[in-house]
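Thanks for coming. I will take a few minutes to walk through one protein, beginning with the overall picture and then going residue by residue.

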Amino acid sequence: MSPTRHRNRRPALRRWAPRGAALAALGLAATGCASNEFTRLGLPEPITEQGHRVLTLWQGSWVAAFAVGILVWGLIVWSIIFHRKRSEQLPPQVRYNMPIEALYTVLPIVIIAVLFYFTARDQTALLSTEEEADTNIEVVAFQWSWQFNYLDEARDNAETPGGEPQAGDEEGGSEAQPRFSVAGTPQEKPTLVLREGDVVHFDLTSPDVIHSFWIPAFAFKMDVIPGQDNEFQVKVQEGTAGTYAGRCAELCGVDHSRMLFDLKVMEPAAYDAWVAEQEAAAQQQQLETEQELESGPEAPGGPDLPGPEGEGAEDEVTDAGPPVGEPSPADEAGVPAAANEEAGR
């Protein structure tokens, strides 16, 4: 190849390289506008305000990764093209380059610091539970299904008559009274029902092993740990009515894959009607249970009433000695045991 032809190729490469990069960026932007799924980079469409915050952080992280990747790949390609071997002459040797070394030392620190700031900011917002909730739900994860207890208030806000906040008991139960519950089995998935526009407070508890409460449409999940009460809040957006999938995201045993549930978001009127129906069914069941307890059969012989000294009927029979007409216990010689005790005294 002649030197003149070689010199003519270099300006052409320099001219077309920026144009190619601009064309690739334009194609990427056009594809993103045409497909919202592409711009989400694998995340489902969030249905909560917190989910959109996670999506923004996710997209920002990818932008930073693409920027670093394009810079590194660009430098590699530039070095291959413009610093390839042209002759047998040894290029000038440089021992160090302070500006370059400072750049690739400081730049990664700056990138990590920026990502850490946005991650810490969004994590604080996602775990905040200060906003007053419209719906309080206790999520009980067990092998291998779910139970959703709709509470009057969040567990941490439940108070004893003395006014002191009362946490759950040792078995992970809640002091807040459930209005009604929805429970499932591995064979039949339960359905968690929420209302559009509500701020929903979740209390997570488990009586057995570690689970993980995950609704992909929330773009968020949280572990359910025995003996440790976790909580979080979401605000369901308007116009998101529909059915979504939920599952356990922590390997929790042999039937982990069957630990599924559905999330159903309803419009306000439909949700209020559903809640009224569930509360009526719960009250009817409680009334039937109380009636069964009140009308239950008594034990044969009447109730075991306490004696004057707080002793039951069983104690009185024990103290009365052997029944009339039956001999007292005797030793091997045929002497009654009571006589032996008298002789011993």
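What follows is a short tour of this structure.

First, the ground rules. This is a predicted model, where local features need pLDDT of at least 70, side-chain atom pairs count only at pLDDT 80 or more, and totals for chains, interfaces and linings use all residues. Residues are numbered from 1 along each chain as its sequence is written, and side-chain values use heavy atoms, with hydrogens and water left out.

Now the overall picture. The protein has seven helices and 10 strands; these are DSSP runs numbered from the N terminus, helices being H or I with at least four residues and strands E with at least two. There are 345 residues, and 24% of them count as buried. Buried means under 20% relative accessible area, exposed means over 50%, and partly exposed is in between, with a 1.4 Å probe and protein chains only. The accessible surface is about 23400 Å², and carbon and sulfur atoms hold 57% of that; the areas come from the Shrake-Rupley method with a 1.4 Å probe, and for residues only the protein chains shown count as cover. A contact means heavy atoms within 4.5 Å. Among contacts between residues at least 6 apart in sequence, 67% join residues at least 24 apart.

Valine 265 is a case to look at. It sits in strand S10, residues 260-266. Is valine 265 buried or exposed? Valine 265 is buried, at 4% relative accessible area. Setting aside neighbours within four places in sequence, the contacts of valine 265 include Ile47, Leu194, Arg195, Val236 and Tyr244.

Next, the backbone. Glutamine 143 and tryptophan 144 are joined by a cis peptide bond, with omega about 0°. Tryptophan 144 belongs to the loop between S1 and strand S2 (145-151). Leucine 41 is not a glycine, yet has a positive phi of about 55°. It lies in the loop between helix H2 (36-39) and helix H3 (49-82), and is partly exposed at 26%. Alanine 219 also has a positive phi of about 55° without being a glycine. This alanine 219 is in the loop between strand S6 (211-215) and strand S7 (220-224), and is buried at 16%.

On to charges. Side chains of opposite charge can pair when their charged atoms come close. How many salt bridges are there? The count is nine, a salt bridge being a side-chain nitrogen of Lys or Arg within 4 Å of a carboxyl oxygen of Asp or Glu. One of them pairs glutamate 45 with arginine 40 at 2.9 Å, N to O. Glutamate 45 is partly exposed at 37%, while arginine 40 is buried at 12%. Another joins glutamate 88 and lysine 85 at 3.3 Å, N to O, and both of these residues are exposed. Aspartate 122 bridges to arginine 121, with the closest N and O atoms 3.1 Å apart. Aspartate 122 is buried at 3%, and arginine 121 is partly exposed at 38%. Through shared partners, salt bridges join Arg53, Arg121 and Asp122 into one network.

I will stop there and take questions.
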